[in-house]
Amino acid sequence: MQKKCYSFKKNIRLKSKNKFQEVYKKGRTIIDVMSVLYVLPDQTENVRIGLAVGKKLGCAAVRNRIKRLMREVFRKHKAELKGGKFIIWVARRRLVKSDLNACESVFLRLIKKAGLFKE
């Protein structure tokens, strides 16, 4: 039985502006009422994620709370995802008022639409 790794290390994060722009331009877009997911294939076996929460959604404390929720959801479910993908998860206004369970259901719905679950 394999032990699941629930860490969220730096090599999993997508941070550079150039990579974000590349994923936005060349990647597939999956849209939901509460958030948007951009997915771009990659040659590595890892899944890398970038989180985007715009300033229109609230002050810094609100944006940081949303990002913490998004990171936690990804951290819990990254073992279930196919490797070799760049993912950008963009929050929308409705995600601000949600809790962890709603955020998790949104992420799982988007991942299922994108076909990123392991078989």
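Predicted model: local features only at pLDDT ≥ 70, side-chain atom pairs only at ≥ 80, totals over all residues.
A few ground rules: residues are numbered from 1 along each chain as its sequence is written, and side-chain values use heavy atoms, with hydrogens and water left out. Local features need pLDDT of at least 70 and side-chain atom pairs count only at pLDDT 80 or more, while totals for chains, interfaces and linings use all residues.

**View 1. Arg63, a buried residue with no salt bridge.** Arg63 sits in helix H2, residues 60–77 (helices are DSSP runs of H or I, at least four residues, and strands are runs of E, at least two, numbered from the N terminus). Buried means under 20% relative accessible area, exposed over 50%, partly exposed in between, with a 1.4 Å probe and protein chains only. What Arg63 does have is a polar side-chain atom 2.7 Å from the backbone oxygen of Gly58.

**View 2. Lys113, a partly exposed residue of helix H4.** Helix H4 covers residues 100–114. Lys113 counts as partly exposed because its relative accessibility is 48%. Leaving aside neighbours within four places in sequence, Lys113 is in contact (heavy atoms within 4.5 Å) with Arg28, Ile30, Ile31 and Asp32. Ile87, 26 residues apart from Lys113 in sequence, is 13 Å apart in space, C-alpha to C-alpha.

**View 3. Where S3 meets H2: both supply at least two lining residues of one stretch of chain surroundings.** Strand S3 spans 47–52. That lining belongs to the second largest pocket, and S3 gives the most to the lining, with 3 residues.

Technical notes:
Lys, Arg positive; Asp, Glu negative; His and termini not counted. Salt bridge = Lys/Arg side-chain N within 4 Å of Asp/Glu carboxyl O. Polar contact = N/O pair within 3.5 Å; in protein donor to acceptor, adjacent residues only side chain to side chain.
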